[in-house]
Amino acid sequence: MKLYFLPSIALWAVFGNGDQDLSSEHPIPCNNFYEYICHKNITRVPSRLRDVRAMEVSDDIDQYQEYVFHASNKQRLWQSVNPDIVSKWLVQFNTYWKGVNWNEHQKKHESFLNLDAHEKYKNLENSFEGYDFQILTKFYKSLKLSVEYLTELKIPISTRNHFYHGLFDEIRDIHILNIRTMSKFSEDRKNELIENVRNLKIIFPYLEYNDVKVWRDAKTAYEKEYYRLKIMIYEPNLSPIIVDKIIRVAAVNPAMEIFEKYITSFTSRFVFQHITAAASGLSFNYQNEIHISVFTMFNPIADPKSVYDQFLYVLCHELQHVHYNVDPPVFDEATWASEKQCVVDRIDHFAAAYKTNRANWTGAPFSYEDSANVAGLRLMLLYVAQKTSDSQEIRDTVERSVARFCTKNRENLHHNPLDVSINVAASEMPTFNSLYNCKPGDRMYVAPENYCKTLNMDIDVEEYKSQKIENDDLFVLTHFMDVLEDTAVELDAANITTFEGKLFDITVEEVEEQEESKEGSAESSSSSSSESDEESSVERELDEVSDGLDDSENETELRKSEIASTSRSSFIWPATVFTLLIKYIKF
Ligand SMILES: [Zn+2]
């Protein structure tokens, strides 16, 4: 990795600090960090699973084979469909499509409920007339593809993925400590902010609540309801396409009833969004419930290091939306407004190209996204600083984490242009100047006294510098996906096609209990077999890896040998794996 930075030092010497042509072939970090990163062409590994939005999935609903319908008793549309239920899910389709204006959609639904029956019918018929059909297909398409993906992934059934939650909890706690110690808000206000952070919920699609049987049942429930209504309804007053749209929304309900019983710790509105986004690369914070894509955004097996860094960036960004979203601040509006203005000014600073093309261009409407970026990247740095040994690792981490934003089309419907956003966030990193040796006058340079504040917090630059010598922990974490994958291979080898949720739905407590009960029995009785081999293989990895993190060939070899060494073990394997991880990763 160290090689990455050397050419940029060389380029510096050539270009100096003067004004640069920003579209030059060799952008430098102090003038245009985004272009500098993109120019490096850091290899991007395609996501493990394809994003449903980039695929041509048929609009058809799978026929439920064993279900025979008798169309003897035809009914009119509103005799068979409950308009309140249709309006309820239409709110969620609107939110999925139009993003953060959730309160507007919800209010619309609430006033809908006060209408009389005929007004409701008319209201919905009018709403669906111009409604984009494709949006109404998204729930089912994601559900259908998710059943395929879950079948393919064969990840152990779980309601909680301890690796990702452990990471989230650690970062959340750093953020809480940061507010507690650095914010100038009163204790009451700080407690309020901290309470909001503590109440955040997060889900990692396909890694938890991932029992394919439940997802398949929900898919079937959707199909049954769709075809039942399709056959039953005779509605001469409406065009078939409007009826079809309404049926597609009505069919969400029985599928959601299954998910609502399964994913009980999240709100129903969020679960709908979770299902609809599961097969896409979307990550979001929907009123303090967070969904972070893993397999549809990254490829944890092929490129664990980059995934780890990119994942951290997304996680920290979504976490910060607890403070920064379209809702107005609930206290001390003046402080929030001045912090927002600081970010808007920074957007302005980097948006010259966009302002030239459009006279009234302003980044203000999406500045909450940039505030989340600024605060999120700082939070990520605080975390990374505790895990890394030198500045080069911090540079690598930051560069890998933002490289995924290098795209041809930088403009985005719900964010400021990517180059502007990344430059704003990077230039507000408290260590950016020292990491890249930027000087006053450079476009990316911000004097420490001018940093945009977040949550009224002081910035201690020292906290953002590397704090730690070893990175063994970091390496073990990045290999968690291998462990899951190996487990799936193991299940495959044992020819297990139906999982029993209980067997693998392991919590930390259960593992500890199992570990205790097994102590002296399983471990000693199998001393010559797989379990001791596994442990030693993990230890061996740690030793060799600390010599050279980049030796990917070595890693591949080790991975192969680990798979070979574990192929003899049986069902206690997942528990063993978790035990090992718990031992090495301090959750
Ligand atoms: Zn965002």
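Q: Hi! Where is Arg172 found?
A: Arg172 sits in helix α9, which covers residues 162-182. Helices here are DSSP runs of H or I with at least four residues, strands are runs of E with at least two, and both are numbered from the N terminus. This is a predicted model, where local features need pLDDT of at least 70, side-chain atom pairs count only at pLDDT 80 or more, and totals for chains, interfaces and linings use all residues. Residues are numbered from 1 along each chain as its sequence is written, and side-chain values use heavy atoms, with hydrogens and water left out.

Q: Thanks! Is Arg172 buried or exposed?
A: Arg172 counts as buried, at 17% relative accessibility. Buried means under 20% relative accessible area, exposed means over 50%, and partly exposed is in between, using a 1.4 Å probe and protein chains only.

Q: And which residues is Arg172 in contact with?
A: Leaving aside neighbours within four places in sequence, Arg172 is in contact with Val197, Arg198 and Leu319. Contact means heavy atoms within 4.5 Å.

Q: New topic: what are the protein donors of the zinc ion?
A: They are His317 through NE2, His321 through NE2 and Glu369 through OE, lying 2.0 to 2.1 Å from the zinc ion. Donors are N, O and S atoms within 2.8 Å of the metal (3.2 Å for Na, K and Ca), and sites may look incomplete because water is not among the atoms.

Q: How are those donor residues spaced in sequence?
A: The spacing reads H-x3-H-x47-E. His321 and Glu369 link distant parts of the chain, 48 residues apart. His321 is in the loop between α15 (304-320) and α16 (333-350), while Glu369 is in helix α18, residues 367-387.

Q: Are His321 and Glu369 buried or exposed?
A: His321 is buried, with a relative accessible area of 8%. Glu369 also counts as buried, at 8% relative accessibility.

Q: Okay, cysteines next. What is a disulfide, again?
A: A disulfide is a covalent bond between the sulfur atoms of two cysteines. The rule used here is a pair of cysteine sulfur atoms within 2.5 Å.

Q: How many does that rule give?
A: The count comes to three disulfides. Let's go through them.

Q: Then what about Cys38?
A: Cys38 forms a disulfide with Cys406, at 2.0 Å from S to S. Cys38 is in helix α2 and Cys406 in the loop between α19 (391-403) and α20 (418-427), so the pair ties together parts 368 residues apart in sequence.

Q: Is the Cys38 and Cys406 link left-handed or right-handed?
A: The link of Cys38 and Cys406 is left-handed, with -90° about the S-S bond.

Q: And where does Cys342 come in?
A: Cys342 and Cys452 form a disulfide, with their sulfur atoms 2.1 Å apart. Cys342 lies in helix α16 and Cys452 in the loop between α21 and α22, so that pair ties together parts 110 residues apart in sequence. If you number the bonded cysteines in sequence order, the pairing is 1-5, 2-4, 3-6.

Q: Now aromatics. How many aromatic pairs does the structure hold?
A: It holds 30 aromatic pairs. Rings of Phe, Tyr and Trp (its six-membered ring) pair if their centres lie within 6.5 Å; planes under 30 degrees apart count as stacked, over 60 as edge-to-face and the rest as tilted.

Q: What sort of pair do Tyr149 and Tyr206 form?
A: Tyr149 and Tyr206 form an edge-to-face pair, 6.2 Å centre to centre with 75° between the planes. Tyr149 lies in helix α8 (residues 138-153) and Tyr206 in the loop between β1 (201-203) and α11 (212-232), so the pair ties together parts 57 residues apart in sequence.

Q: Last one: which ring does Arg269 lie over?
A: Arg269 lies over the face of Tyr286, at 5.4 Å from the ring centre. A charge sits over a ring if NZ of Lys or CZ of Arg is within 6 Å of the ring centre and within 35 degrees of the ring normal.
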